[in-house]
Amino acid sequence: MASNEPAPDRDMGRCFQALSEPKRLRILDLLRSGEKCVGHLTEELQVAQSLLSFHLKALRDAGLVADRREGRWVYYSLVPGRLDELKVFLDDLLGSSADTASPAGGPSPFGPHLVK
């Protein structure tokens with residue numbers, strides 16, 4: 001069954017769904033300093049390789065991380081610019097919510113600290 005959501009909305013939804021898991025956020029944080037092999041990530045996160053693979057697949061499917069193979073090792077890195085795309089999306093969303101914060105002109109549902 002085809003989704004009625006436009007492709008960019010589905011794409012963003014997949015990203016935010018991937019970001020909703022704390023272990024995945026930790027993986028992204030570890031990758032901020034550069035490419036890491038699966039063994040290093042497994043050791044840092046103290047998780048079984050099968051669970052790590054599950055989380056890495058979700059991040060790959062969301063376009064947040066890329067992998068490369070070198071011999072029997074697999075290395076992961078952040079996709080350049082992808083997190084910036086999410087930031088632009090959120091900035092646009094919050095910017096447009098400031099214009100239409102509330103039908104009654106009340107405070108934004110996002111809170112005053114998030115709206116420009």
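Gln 46 sits in the loop between helix α3 (38–45) and helix α4. Helices (H or I, at least four residues) and strands (E, at least two) are DSSP runs, numbered from the N terminus. Although Gln 46 is not a glycine, its phi is positive, at about 55 degrees. With a relative accessibility of 66%, Gln 46 counts as exposed; the term exposed stands for over 50% relative accessible area, buried for under 20%, and partly exposed for values in between (1.4 Å probe, protein chains only).

The model is predicted: local features need pLDDT of at least 70, side-chain atom pairs count only at pLDDT 80 or more, and totals for chains, interfaces and linings use all residues. Residues are numbered from 1 along each chain as its sequence is written, and side-chain values use heavy atoms, with hydrogens and water left out.

Two strands pair if DSSP finds at least two bridges between them. Strand β1 is joined by 2 bridges to the antiparallel strand β3 (residues 73–78), and Cys 37 stands opposite Tyr 75 in β3.

Which residues of helix α2 (residues 22–31) are buried? They are Arg 24, Ile 27, Leu 28, Leu 30 and Leu 31. Seen down the axis of α2, these buried residues fall within an arc of 160 degrees, so they line one face of the helix. The arc is taken from the directions from the helix axis to the C-beta atoms. At the N-terminal end, α2 is capped by Glu 21, with a side-chain oxygen 2.9 Å from the backbone nitrogen of Lys 23.

The structure holds 1 aromatic pair. The ring centres of Phe 16 and Phe 89 are 6.0 Å apart and the planes stand at 45 degrees, so the pair is tilted. Rings of Phe, Tyr and Trp (its six-membered ring) pair if their centres lie within 6.5 Å; planes under 30 degrees apart count as stacked, over 60 as edge-to-face and the rest as tilted. Phe 16 lies in α1 (residues 7–19) and Phe 89 in α5 (residues 82–99), so the pair ties together parts that are 73 residues apart in sequence.

| Residue | Relative accessibility |
|---|---|
| Phe 16 | 30%, partly exposed |
| Phe 89 | 30%, partly exposed |

Note on methods: A polar contact is a pair of N or O atoms within 3.5 Å; within protein, one must be able to donate a hydrogen and the other to accept it, and residues adjacent in sequence count only if both atoms are side-chain atoms.
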